[in-house]
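Q: Please examine the structure below, after which several questions of classification will be considered.

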Amino acid sequence: MSNDIFEKCIKFTAARDLQAAGMYPYFKRVETVQSPVVKIDGKEKIVLCSNNYLGLADHPKVIEGAVAAAKQYGTSCTGSRFVNGTNDLHEKVERKFAKFVGKEAAILFTTGHHSNLGAISSLVGKGEFVITDKLDHASIIDGCRLSFGGEMLRFRHNDMADLERQLAKVQSKGTSALIVVDGIFSMEGDIAKFPEISALAKKYGARVYVDEAHSLGVLGKNGKGTGEHFNMEPEVDVLMATASKSLASIGGFIASRSEVINYIKHTARSLIFTAALPPACVGAIDVALDILQDEPERRAKLWENTNKMKEGFQSLGFDTRTSESPIIPITVGEDMKAFQMCAMLFEEGIFASPIVSPAVPEGQAIIRTSYMATHTDEQLEIILDKFEKVSKQLGIIPGGNTRSRSKKKSSYNINNNRWNFSFSNNKFAAATKRWFKNLWSNK
């Protein structure tokens, strides 16, 4: 008798166990706009897990752009651009984006994930290689896996000697390669070593594809991303960027030479076989692109906040790893301690996310924090206070007097049964590790 395909579903208990322990950090029911403060279950929380870097998600003009587009074009394109026709608003923002990042052409996908799926699987064919950083985003890995006949090679994170080793391997086979890297790495917050990557690509005849999901609007004098940051814009052969972060909508762009975009446009399965981005989303992108360029003070404030928080965390004794961006990881240690710390922070009014193995090395779990231009100085001070308070109770940083301004009595006690468990041997640690191993298998 064959096994029931639902058996694995029945045996999956990790999420329920975390919920029962009061440490489940996912799918929080947010009741307000994604701003620096949201309401969850009727209570206000300062947000530390949003990618709303420029604070445009609740910008009145962006909302007006979305509403105007919906009124003119309706709520849906009702199908694929390939067969249903391309909305002229899609073409408008493609031209605007291509001009902004200095490329000949661009194509707009329904999501950033779809962008990487479609572009990478189209560009890398039978007998060709795609070379990725081991800490590249999961959507990049998924795109590599969908490549028909292509082969994926990986190099150690930002390790140029290892990248050259892989390039030499491709050269010895007499074929071509595409190097794909994140501009800003989404968990570590560090920046790709683009000058060295570009030099190696030229040496070995490879092309370079940069995922600017977290760097568009953040890096560079004008927010164009990694290429501009290093004053090497023309050296980025293919540029990918999501619209779900700095552009406060959803969708994803691929920008490159016109021949490359035309090829992707007619071969990318994740473009051809999915419905087009709804007009309201495109209208929001249209306006957000203008604000990104017209209000550079937003980016300046984002970096002011970033520098304040990095210096603040480090002065308290936190390990922020190699962060160089508004993504600042806080090293916690064991996976279960990260879950517990997030639960305790949540009770203190801070909404943050734990990142555990294998997304990070075993024993190096982090709390991933990210910042917006619209976080206020008062909110940032509260964040530092609460992190210090909770971390001292958990033994992550040395104890003693805290800088906390809050006189409100804490609602938890580290010695209560609620928090009393072994980080390494609790009843659900093993199940949780299996869950994340499957989820983050690309790592």
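Q: Leaving aside neighbours within four places in sequence, which residues is S256 in contact with?
A: Contact means heavy atoms within 4.5 Å. Apart from those neighbours, S256 is in contact with K103, E104, A105, D237, V238 and I261. This is a predicted model, in which local features need pLDDT of at least 70, side-chain atom pairs count only at pLDDT 80 or more, and totals for chains, interfaces and linings use all residues. Residues are numbered from 1 along each chain as its sequence is written, and side-chain values use heavy atoms, with hydrogens and water left out.

Q: Why does S256 count as buried?
A: Buried means under 20% relative accessible area, exposed over 50%, and partly exposed in between (1.4 Å probe, protein chains only). The relative accessibility of S256 is 2%, so S256 counts as buried.

Q: What makes K96 and D290 a salt bridge?
A: A salt bridge is a side-chain nitrogen of Lys or Arg within 4 Å of a carboxyl oxygen of Asp or Glu. The closest N and O atoms of K96 and D290 are 3.0 Å apart, and the pair forms a salt bridge. K96 lies in helix α5 and D290 in helix α13, so the pair ties together parts that are 194 residues apart in sequence. Helices (H or I, at least four residues) are DSSP runs, numbered from the N terminus.

Q: Why is D290 called partly exposed?
A: The relative accessible area of D290 is 31%, so D290 is partly exposed. K96, in contrast, is buried because its value is 19%.

Conventions. Helix = DSSP H or I, 4+ residues; strand = E, 2+ residues; numbered from the N terminus.
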